[in-house]
Number of protein chains: 2
Amino acid sequence: MTIIQPSILPGFMELLPADQLLFNDIKKIIEDNFIKFAFLPLDTPAIEKDEILFAKGGGETSKQVFSIQKKDSSRDQSLRFDLTVPLARYVAQYESSLTFPFRRYQIGKVYRGERNQKGRYREFYQADIDIVGRESLAIINDAEMPAVIYSIFKDLGLEDIKIHINNRKLLSGFLKIIGIDNSEALFRLIDKIKKISTEEFFKEMKQMGLTKDQQEDLILFIKEDDNDKILDRLKDIEDSLHEGGGASDLFMEGLSELRELYKDMHLFGVNKEHIVIDLSISRGLDYYTGSVYETFIDGYESIGSVASGGRYDDLASNFSKQKFPGVGISIGLTRLFYQLTEAGLIKNKRINYIDAVIIAMSKDQQEAAIELAADLRKQGIKCQIYSEEGKMKKKFSYVDALASPYALILGENEIRDKLISVKDMKSGDQEMLSFDRVLEILKK
Amino acid sequence: MTIIQPSILPGFMELLPADQLLFNDIKKIIEDNFIKFAFLPLDTPAIEKDEILFAKGGGETSKQVFSIQKKDSSRDQSLRFDLTVPLARYVAQYESSLTFPFRRYQIGKVYRGERNQKGRYREFYQADIDIVGRESLAIINDAEMPAVIYSIFKDLGLEDIKIHINNRKLLSGFLKIIGIDNSEALFRLIDKIKKISTEEFFKEMKQMGLTKDQQEDLILFIKEDDNDKILDRLKDIEDSLHEGGGASDLFMEGLSELRELYKDMHLFGVNKEHIVIDLSISRGLDYYTGSVYETFIDGYESIGSVASGGRYDDLASNFSKQKFPGVGISIGLTRLFYQLTEAGLIKNKRINYIDAVIIAMSKDQQEAAIELAADLRKQGIKCQIYSEEGKMKKKFSYVDALASPYALILGENEIRDKLISVKDMKSGDQEMLSFDRVLEILKK
């Protein structure tokens with residue numbers, strides 16, 4: 001028989017069992033938090049109609065999409081490239097059966113044929129939550145997003161994070177105040193501020209036609225600072241508007257929302273030291289209209305944002321005449337796992353998936369081994385029998401390879417005395433104990 | 001803006017939140033059992049190279065496959081149609097990094113473009129476990145499969161099941177003994193015995209060229225009966241072989257394996273009343289070589305088998321010269337969910353995903369509501385705030401729609417007295433209690 005070299009496509013992540021356990025552990029921590037915050041699970045199909053996926057128009061994404069071909073079907077269909085378009089479709093489709101505000105989470109694989117490079121995958125998990133209202137949605141919901149993010153990273157043992165917050169209305173409003181109107185290109189430039197030099201930033205502003213005054217006003221506005229100082233600066237602008245400096249409703253609305261977000265997220269349990277008001281973040285996507293968030297791990301800022309999102313005015317404008325404002329965040333789980341591993345942030349963690357391996361000394365003790373396994377599993381102990389033939393050394397090396405903390409050995413003596421030999425794989429200690437005593441040890 | 005009708009492709013399952021919770025509950029019960037039996041998780045890519053997927057040759061599956069097209073790639077790739085081919089590829093690819101026997105589980109979506117009909121889906125979850133040995137694998141492993149099946153269905157509240165077991169060697173051996181050699185077509189016929197009439201069965205045996213004696217011997221062999229009577233019948237055949245009736249090693253091997261399976265699965269905790277020795281099941285696939293299993297729910301046999309599998313001699317013959325014998329089962333989770341729902345077997349079940357909804361009477365109590373939510377979540381209580389404006393009636397109907405057992409109300413009086421009004425949504429009773437007392441109630 002011809003042997004075909006076993007391999008997978010480039011750009012796909014596939015893990016060995018020890019890493020898979022770690023990955024699943026992270027996934028579970030994220031999901032458990034989504035559940036604790038009372039989000040409802042969703043699981044939409046991975047394949048959608050192209051008319052749904054590209055309702056907004058093709059653009060960059062259409063070049064990266066994985067199209068589906070079926071022999072007996074000419075229907076245009078593709079793998080989803082995010083979980084947001086499916087959510088928009090779902091909300092519009094089942095509107096009458098859903099309860100609003102609708103809080104949903106979805107953790108699932110999405111597909112983008114990006115150019116193959118380190119840390120970028122063509123199949124990757126996204127972990128998303130959104131709170132979707134009908135017609136309106138209170139700003140308090142915006143404050144829950146950073147609370148979920150903080151709770152997740154705390155549970156991951158990565159509490160040292162900074163959640164950067166901003167409000168797009170504030171930035172748009174300010175630009176209007178200083179006389180800049182069409183700001184989409186400028187938003188994209190501002191998003192890059194941490195990546196390019198100050199000279200380059202000024203050069204590009206000039207190219208966009210900003211006056212010297214506008215350039216300096218903007219730089220001053222988005223400058224990093226203490227939260228309190230930024231809030232003071234914003235208050236000064238607010239006061240100047242009250243004094244007749246050309247009031248901008250948009251700016252005032254954004255400021256009021258940012259203040260509420262800042263206060264509420266603290267009440268939700270995110271300490272001030274983890275909050276950074278950052279007037280430079282705008283999340284290029286023209287889709288966000290209010291609060292925006294990005295999350296950075298202290299000392300590992302180069303990884304980029306590990307959890308991002310924001311407020312949008314209308315989720316499903318392509319699929320419904322009803323207005324669905326909402327707020328959401330997304331964690332790129334596959335990329336996050338890769339980054340945390342690369343940075344050594346979860347390197348030495350090892351997940352114990354098994355409590356004990358049962359070894360029968362010979363075929364004569366096999367029945368007793370089976371009964372022991374059944375009894376332990378009834379008590380919730382995760383265990384298995386090792387029953388392949390071979391020397392004791394081979395058997396113990398199997399237990400070691402599985403990183404099982406205990407081996408339970410059954411020989412003639414053990415059966416005669418109705419006891420079990422328990423070997424602590426770490427210390428090497430071994431003693432003969434009763435079932436109840438063994439259970440006690442394993443339950444610890 | 002043009003509104004695009006929101007819809008999904010035909011043949012895909014998508015659930016509303018209440019059903020999704022139920023689905024996830026079933027999925028979790030299955031996964032928890034896989035974990036209790038100490039199987040390692042695997043998560044292979046949903047897209048594989050065609051050379052891997054069709055290593056065995058195309059056949060029926062290639063007509064049903066969803067092929068992938070990427071604008072910038074001419075590589076042949078498709079969505080996986082099962083989890084077995086990816087497992088075979090994985091085992092061969094990472095052989096040197098794995099510990100054998102390798103116990104893995106995988107729960108994931110697979111894709112088959114079957115003709116659209118009720119209860120058949122084009123995207124569906126499979127939940128698989130396999131124990132894969134290198135060169136050899138003890139028969140005791142065959143007995144764990146039914147033990148896992150039984151444990152799962154017990155936890156699902158569907159304990160009344162029958163696990164049908166057989167051994168392909170037994171059937172092949174017997175056919176050899178009565179002088180029938182090439183038996184693949186006959187296996188397929190035997191698989192159909194419960195679906196066709198006795199006359200038709202005889203007619204088809206005759207067409208295959210079986211003599212009158214062979215026909216009657218076979219009918220007698222595969223006849224339904226008490227387990228003990230079948231074992232007696234098999235013993236009689238065994239004795240007749242000892243007495244010089246033309247010994248068949250294959251039959252003897254199969255009988256010995258079936259006896260061990262029958263005894264061991266009982267020791268593993270599957271009561272005899274749930275075991276049916278059924279010499280007629282052969283699982284058409286030419287892939288199985290020893291033990292085979294099918295599972296039926298009492299009174300709902302027409303649903304078909306809800307968990308099936310068997311022993312195979314060589315998992316990865318297309319990808320490695322090394323021999324990997326193994327044993328495994330598969331549960332078609334999406335179809336199972338559909339069938340259980342249709343049969344009304346899980347109809348009235350409702351999953352409580354939320355413990356309480358917090359309602360602030362006015363914006364003045366919003367801060368207290370946030371702090372209450374944060375405090376409760378710290379204690380593991382699943383809760384959310386309802387903060388949209390509106391009448392109390394609207395707020396309570398939201399709590400009802402979410403099926404939250406409690407509403408926690410904060411008004412002026414509650415804040416003043418540092419208490420919380422707790423409304424039991426079922427009884428309608430409402431009282432003002434301390435935080436500690438509320439926590440106590442919610443933890444119950």
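This is a predicted model: local features need pLDDT of at least 70, side-chain atom pairs count only at pLDDT 80 or more; totals for chains, interfaces and linings use all residues.
## Relation between the chains

Chain A is superposed on chain B by a rotation of 180° with 0.0 Å of shift along its axis, and the RMSD of that superposition is 0.0 Å. This is the relation of a two-fold axis. Within chain A, the C-alpha nearest the axis belongs to A:I68, at 2.4 Å from it.

## Salt bridges

Side chains of opposite charge can pair when their charged atoms come close. With a side-chain nitrogen of Lys or Arg required to lie within 4 Å of a carboxyl oxygen of Asp or Glu, the count comes to 50 salt bridges over all chains.

One of the salt bridges is formed by B:E144 with A:R377, whose closest N and O atoms are 2.6 Å apart. Because B:E144 lies in helix α5 (residues 140–155) of chain B, while A:R377 lies in helix α13 (residues 366–378) of chain A, this pair joins two chains.

## A negative surface patch

In chain A, the residues A:D226, A:D228, A:D232 and A:D236 form a negative surface patch.

## Backbone features

A cis peptide bond, with omega of about -5°, joins A:F100 and A:P101, and A:P101 is found in the loop of chain A between α4 (84–94) and β5 (102–111). In chain B, a cis peptide bond likewise joins B:F100 and B:P101, with omega of about -5°, and B:P101 lies in the loop between α4 (84–94) and β5 (102–111) of that chain.

For A:E135, phi is near 70°, which is a positive value in a residue other than glycine, and A:E135 is found in the loop between β6 (123–132) and α5 (140–155) of chain A. For B:E135, phi is near 70°, again a positive value in a residue other than glycine, and B:E135 is located in the loop between β6 (123–132) and α5 of chain B.

Technical notes: Residues are numbered from 1 along each chain as its sequence is written. Chains are lettered from A and ligands numbered from 1 in the order in which they are written. Side-chain values use heavy atoms; hydrogens and water are left out. Patches are made of residues with over 30% relative accessible area and no salt bridge: like charges are joined within 9 Å, nonpolar side chains (Val, Leu, Ile, Met, Phe, Trp, Tyr) within 5 Å. Accessible areas come from the Shrake-Rupley method with a 1.4 Å probe; for residues, only the protein chains shown count as cover. Lys and Arg count as positive and Asp and Glu as negative; His and the chain ends are not counted. The place of a charge is taken as NZ of Lys, CZ of Arg, CG of Asp or CD of Glu. Copies are superposed by least squares on the C-alpha atoms of residues with pLDDT of at least 70 in both. Helices (H or I, at least four residues) and strands (E, at least two) are DSSP runs, numbered from the N terminus.
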